[in-house]
Amino acid sequence: RETSYNLDFDSGFLLISTVLLGLLLGMELVDKINFRDELELARDLQASLIPKALPQTRGYTLGAHNEIANTVGGDIYDFVPLPDGRLAVLFGDASGHGMAAGLVMAVAHAAFRTQLEVDPSPTAMFATLNRILCRTGGPRAFFSAVYFLLSEDGSLSGSVAGHPQPLLLDWDGSVRARIGKGAYPLGIRPNLSWPVETGRIEPRGALFLHSDGLPEGRSAVGEQF
């Protein structure tokens, strides 16, 4: 048993179909252009927050490297010498990518610079950053961070909020200690507190800070670093 159907397309139907298809393609093109512009704006914002030249300090040699996996990442770092000779170090990673991550970075960085002039202690710093991020960010906007105050004699104090553990290295590169434990990132819940960690960087030793992009990197066969 066979059934046949005949469907006739007149010129009017073809014209309407062509116009609708053109409109759909145009809307998709506009969305892609807007998304590209947003990524470029977020990339420029991130580039403006990361220091282009690291400060010269007594007792420490600073080094930093930032490699973005996609168009825009959420990592940020900053080094600020204080009037009393200590060095304030912030290393953080905003949740997400694109403009959302860029705005979280900008808010956290502005709060960090402002709080340094008020009270640079680790407890006060994280309390301020957490309060501001909880007020300004959305439910998925949070900021994992490491904050340290380094003294010229190598002693350090600071806190770790939901970030990969910083490493204290000996002169030969071996890991002497891991700083911090599991904790909430900043901007998740108000009225939280983070323990203050202490330690010492030995002569020719190092303090190594990194984001989750390092241990999550994979080799050619898929093994995590």
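Is Trp194 buried or exposed at 8% relative accessibility? In this predicted model, Trp194 counts as buried, because its relative accessibility of 8% falls under the 20% limit for that class. The residue lies in the loop between strand 6 (175-178) and strand 7 (197-200).

Aromatic pairs number 4 in the structure. In one of them, the ring centres of Phe126 and Trp194 are 5.7 Å apart and the ring planes stand at 85 degrees, so the pair is classed as edge-to-face. Phe126 belongs to helix 3 (residues 122-136), and the pair thus links distant parts of the chain, 68 residues apart. Phe126 also counts as buried, with a relative accessibility of 1%. A single aromatic cluster is formed by Tyr77, Phe79 and Phe91.

Phe91 is also among the residues in contact with His163 when neighbours within four places in sequence are left aside. His163 is located in the loop between strand 4 (155-161) and strand 5 (167-169), and at 8% relative accessibility it counts as buried. The side chains of His163 and Ser144 are joined by a polar contact of 3.0 Å.

On the surface, a nonpolar patch is formed by Ile16, Val19, Leu20 and Leu23, which together have about 380 Å² of accessible area. Val19, a residue of helix 1 (residues 11-49), counts as partly exposed at 45% relative accessibility.

Notes. Residues numbered from 1 in each chain as written. Predicted model: local features only at pLDDT ≥ 70, side-chain atom pairs only at ≥ 80, totals over all residues. Heavy atoms only, no water. Patch = residues over 30% accessible without salt bridge, like charges linked within 9 Å, V, L, I, M, F, W, Y side chains within 5 Å. Areas by Shrake-Rupley, 256 points an atom, 1.4 Å probe, with all protein chains shown as cover. Salt bridge = Lys/Arg side-chain N within 4 Å of Asp/Glu carboxyl O. Helix = DSSP H or I, 4+ residues; strand = E, 2+ residues; numbered from the N terminus. Buried < 20%, exposed > 50% of the residue type's maximum accessible area, 1.4 Å probe, protein only. Polar contact = N/O pair within 3.5 Å; in protein donor to acceptor, adjacent residues only side chain to side chain. Contact = heavy atoms within 4.5 Å. Phe/Tyr/Trp six-rings, centres within 6.5 Å; stacked < 30°, edge-to-face > 60°.
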